[in-house]
Amino acid sequence: MCLAVPARVISIEGSFAVVDMMGFQSSAYIDFIESASVGDYVLIHAGCAIERIDEEAFDCYNTLCKELSEV
Amino acid sequence: MCSFVLKDIVDVINKRVSQEIRIMEVCGTHTQAIARAGLSNVLDPRIELVSGPGCPVCVTTEDYIDAAIELLQQPNVLIATFGDMIRVKGSSKSLEDCMEMKTRIKVVYSPFRVLDIAEENPAKQTVFLAIGFETTAPLIAAIVKLALQKGIKNLFFLVGLKQMPTVLEKVLSAKDNKLDALICPGHVSVIMGSEYIICI
């Protein structure tokens with residue numbers, strides 16, 4: 001349960017967003033992200049976006065997640 | 001593009017090691033990730049990694065599980081929980097041991113799913129096992145807010161939330177902990193700020 005995964009916001013409807021997490025689409029609570037918009041990069045924890053990250057951090061997280069999954 | 005790769009990070013860490021060092025990974029997920037990726041095998045052998053108290057499931061008390069099982073005895077109750085909790089033992093048994101009531105145990109990955117479960121089962125009382133640290137607490141608060149907005153009245157929480165500094169202070173005050181460093185729980189700092197753990 002304590003895993004955070006980098007994701008990109010695809011669409012937003014009310015308090016929830018559809019996010020792309022490493023190729024998988026999922027619903028996530030988005031209200032904790034101030035002025036969230038489509039295209040934002042976020043960290044998803046237990047179905048909730050907990051932090052906005054920049055594109056460079058998103059790339060780093062993705063690279064590390066991919067490498068760890070291939071070890 | 002990101003220039004970091006895992007090997008580079010391991011090389012940087014190993015080059016900095018000049019003596020034996022004992023590091024505690026506070027979060028249980030760190031322990032799992034380190035084991036799964038085999039990081040102990042590629043890090044300098046002078047780095048000793050020890051598991052910490054930061055897994056909310058592991059630090060769940062027997063009393064809490066007993067209370068959840070007691071609630072489950074009531075036929076109008078559904079228990080919604082993170083999957084990790086199913087096998088945790090109470091004083092005599094775990095939720096997994098309650099086979100006869102298994103259909104009333106709903107495992108969720110996202111806690112927000114409990115809103116759907118409550119709405120889909122209006123004749124039942126859905127109880128979410130709200131465990132976790134500072135990271136989970138705001139999620140629970142958001143669910144309460146959404147439940148109020150939606151007018152859901154059959155959703156309840158068995159609260160077992162904990163605070164990380166209290167737990168870490170206990171570990172660090174132990175006389176023989178012999179710890180040189182902690183790998184702190186990043187999720188907690190995301191919610192509370194990076195100074196929150198440093199103050200310990």
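The legends below walk through several close-up views of a predicted model.

Local features are described where pLDDT is at least 70 and side-chain atom pairs count only at pLDDT 80 or more, while totals for chains, interfaces and linings use all residues. Residues are numbered from 1 along each chain as its sequence is written, and chains are lettered from A and ligands numbered from 1 in the order in which they are written.

**View 1. Chain A as a whole has one helix and five strands.**
Helices (H or I, at least four residues) and strands (E, at least two) are DSSP runs, numbered from the N terminus. The C-alpha atoms of chain A fill a box of roughly 40 × 25 × 20 Å along the principal axes. The radius of gyration of chain A is 11 Å, which agrees with the value near 11 Å for a compact globule of 71 residues; this radius is taken over C-alpha atoms, and the globule rule is 2.2 Å times the number of residues to the power 0.38. Of the 71 residues, 32% count as buried. Here a residue is buried if 20 or more other C-beta atoms lie within 10 Å of its own, exposed if 12 or fewer, and partly exposed in between, with C-beta atoms placed from the backbone.

**View 2. Two hairpins of chain A share strand β2(A).**
Strands β1 (residues 4-13) and β2 (residues 16-21) of chain A run antiparallel and are joined by five bridges. Two strands pair if DSSP finds at least two bridges between them. A:Glu13 has A:Phe16 as its bridge partner, and in the two-residue stretch between these strands A:Gly14 takes a positive phi near 65°.

**View 3. Chain A meets chain B through 22 residues of chain A and 26 residues of chain B.**
Two residues are in contact if their C-beta atoms, placed from the backbone, lie within 7 Å. On the chain A side, the elements giving two or more residues are β5 (48-53) and α1 (55-70). The largest share, seven residues, comes from α1(A). By class, this side has 13 nonpolar, four polar and five charged residues. Ala, Val, Leu, Ile, Met, Phe, Trp, Tyr, Cys and Pro count as nonpolar, Asp, Glu, Lys and Arg as charged, and the others, Gly among them, as polar.

**View 4. A three-stranded open sheet of chain B has the order β2-β1-β7, with parallel pairing.**
The edge strands are β2 and β7 of chain B, each pairing on one side only. Neighbouring strands are turned by 30° against each other on average, direction ignored. β1(B) and β7(B) are linked by three bridges, and B:Ile23 stands opposite B:Ala181 in β7(B). Helix α2(B) packs on the sheet, touching β1, β2 and β7 of chain B, and its direction makes about 115° with that of β1(B). Axes are lines fitted to C-alpha atoms, for helices over the stretch in contact, and angles run from 0 to 180 degrees between N-to-C directions.

**View 5. Helix α2 (residues 28-37) of chain B has B:Gly28, B:His30 and B:Thr31 buried.**
These residues cover an arc of only 160° around the axis, which puts them on the same side of α2(B); the arc is that of the directions from the helix axis to the C-beta atoms. Their cover includes β1 (21-25), β2 (47-51) and β7 (181-183) of chain B. Just after the helix, B:Gly38 takes a positive phi of about 65°.

**View 6. A four-stranded open sheet of chain B has the order β4-β3-β5-β6, with parallel pairing.**
β4 (105-108) and β6 (155-161) of chain B each have a single partner strand, so one side of each is left without a neighbour in the sheet. Neighbouring strands are turned by 25° against each other on average, direction ignored. Four bridges join β3 (residues 77-82) to β5 (residues 125-132) of chain B, with B:Ala80 partnered by B:Phe128. Helix α4(B) packs on this sheet at about 145° to the direction of β3(B).
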